[in-house]
Every structure is written in structure tokens, then in C-alpha cells.
Amino acid sequence: MLLTGCSTIGQTPDVISHHKKWALQHGGILVDQRHQRLNQTCHRLAPACHDIVIDPHVLDSNNLAAYSWPNGELYVTRGMIDAASPDELASVVAHEIGHLIAHHNHSDATTMLLGQKHDVNPEIQSDALGCRILAACNISTTAMLHTLQKVKQSTPTHDPAHALLNQRILRLQSDMSNPFPN
Ligand SMILES: [Zn+2]
């Protein structure tokens, strides 16, 4: 999601070793009950995944962040998992699925979920896609708002991500008071 850091990098022949190196630089992979919790969250959202295959991992980092790669690898930090309620964790994963749907140029799915008007900012678009995914799985979209507020609280005001988080929160609040505009 990021949340503060979303990453999309194209596939390369050594994409797997590249991702392993990247994961090590971001704290390394953690396999404990958090990984199980993340798996369960992905299963909860599976009905709205639009053929996107997700390979979830936990990054051993205190930061509140999540990342996804075009091949479906999804990374959520330990800090994010510990800070999130079950529905908030679902909103984190739903936002990342939004990136994957957009990245795979599933324009039919994007149009179906958002209508014809797509946002230029990929974070705002993924928030909107994520909310549609949550709603399709009967999860309250306010979880997305609460997640962004938690991430904003953990982000220093001088961080450029802070201003974008503000923008995303205002946009979500506006969308919620005027749901499903086309
Ligand atoms: Zn994002």
C-alpha cells in the first residue's frame, strides 16, 4: 500500500533473486503466526481478486508499509500487521490488489470497479479499487480510512508521503459521503 511505499518494477530474468535481495534490504522475510494471518486475509479477499494470484510474505520491519510486485508477490511489514485490525489488514491487502489489477492492465476489471473515470494518481486509484474489493467481500470500507490514518500518524510531517496521505484520506472521506460515483 503504501501505504508509504508501493513498488512496481517490471519482470526481469533474475526477478526472483532481485526480489530476495530487495526483501533482505527491507528487513528480511518473517515466517510466524503473522504470515498465517496474512494468508487468511488474502483468502478473505479471494472472491474479489479477479484472477490475480497473490503470494503473500511478511517483512520483518517496524515500518507501516506494504508492497506488491507485478508477479503477485505481496509484502506487508510486521509493524503494519501488528497495528492493523483484521478489517484494516484486509484494506492493506485490497489496496495492493488494486495496484496489481491496474498493473496487469485489467482495464475491464478496473472499469467495472471504478466506472470510466480512472484516477491519475496510482495510490488514489488503488484506494478506490481496494474499497470496491472490500465492499465486494462485505468488509467495511471505513477500514481503509482507519488504515490510512494510522499510517499518517506514523509518518513524519516532513515526509513527502504525509501530504499524499492527507490527500488520500480527504478523497476517501469525500467518496464515502458520495459512494460509488461514476
Ligand atoms: Zn499503493
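Analyst: **A covered helix and its surroundings**

Helix α4 is mostly covered, with 15 of its 18 residues buried. A residue counts as buried if 20 or more other C-beta atoms lie within 10 Å of its own, as exposed if 12 or fewer do, and as partly exposed in between, the C-beta atoms being placed from the backbone. Helices (H or I, at least four residues) and strands (E, at least two) are DSSP runs numbered from the N terminus. The model is a predicted one, in which local features need pLDDT of at least 70 and side-chain atom pairs count only at pLDDT 80 or more, while totals for chains, interfaces and linings use all residues. Residues are numbered from 1 along each chain as its sequence is written.

From its first C-alpha to its last, α4 reaches 26 Å, close to the 26 Å expected for 18 residues at 1.5 Å a residue. The expected span is 1.5 Å times one less than the number of residues in the helix.

The packing partner to consider next is α6. Two packed helices are described by the angle between their axes and the distance between the axes. The axes of α4 (residues 86–103) and α6 come within 7 Å and cross at roughly 115°. Axes here are lines fitted to C-alpha atoms, for helices over the stretch in contact, and angles run from 0 to 180 degrees between N-to-C directions. The crossing of α4 and α6 is right-handed; a crossing is right-handed if the near helix is turned clockwise from the far one by less than a right angle, and left-handed if anticlockwise. On the α4 side, the contact involves Ala 90, Ser 91, Ala 94, His 95, Ile 97, Gly 98, His 99, Ile 101 and Ala 102. On the α6 side, Pro 122, Gln 125, Ser 126, Asp 127, Leu 129, Gly 130, Ile 133 and Leu 134 take part. Two residues are in contact if their C-beta atoms, placed from the backbone, lie within 7 Å. By class, this contact has nine nonpolar, seven polar and one charged residues. Ala, Val, Leu, Ile, Met, Phe, Trp, Tyr, Cys and Pro count as nonpolar, Asp, Glu, Lys and Arg as charged, and the others, Gly among them, as polar.

Helix α6 (residues 122–136) has 15 residues and reaches 21 Å between its first and last C-alpha, close to the 21 Å expected at 1.5 Å a residue. Eleven of the 15 residues of α6 are buried, so this helix is largely enclosed by the rest of the structure. Among the buried residues of α6 are Glu 123, Asp 127 and Arg 132, along with Leu 129 and Ile 133.

A further neighbour of α6 is helix α8 (residues 160–177), which packs against α6 at an angle of about 35° with the axes 10 Å apart. This crossing is right-handed. Glu 123, Ile 124, Asp 127 and Ala 128 of α6 meet Leu 164, Arg 168, Arg 171, Leu 172 and Asp 175 of α8. By class, the contact has four nonpolar, no polar and five charged residues. Asp 127 is listed in the contact of α6 with α4 and in that of α6 with α8.

Just after α6, Asn 138 takes a positive phi of about 60°, in a residue other than glycine. Asn 138 lies in the loop between α6 and α7 (142–154). Asn 138 has 8 C-beta neighbours inside 10 Å and therefore counts as exposed.

Buried residues make up 38% of its 182 residues. Of the contacts with a separation of 6 or more, 61% join residues 24 or more positions apart. The four strands form an open sheet in the order β1-β2-β4-β3, with mixed pairing. Strands β2 and β4 pair in the parallel sense over five bridges, whereas β1 and β2 (residues 55–59) pair in the antiparallel sense over two. Pairing requires that DSSP find at least two bridges between the strands.
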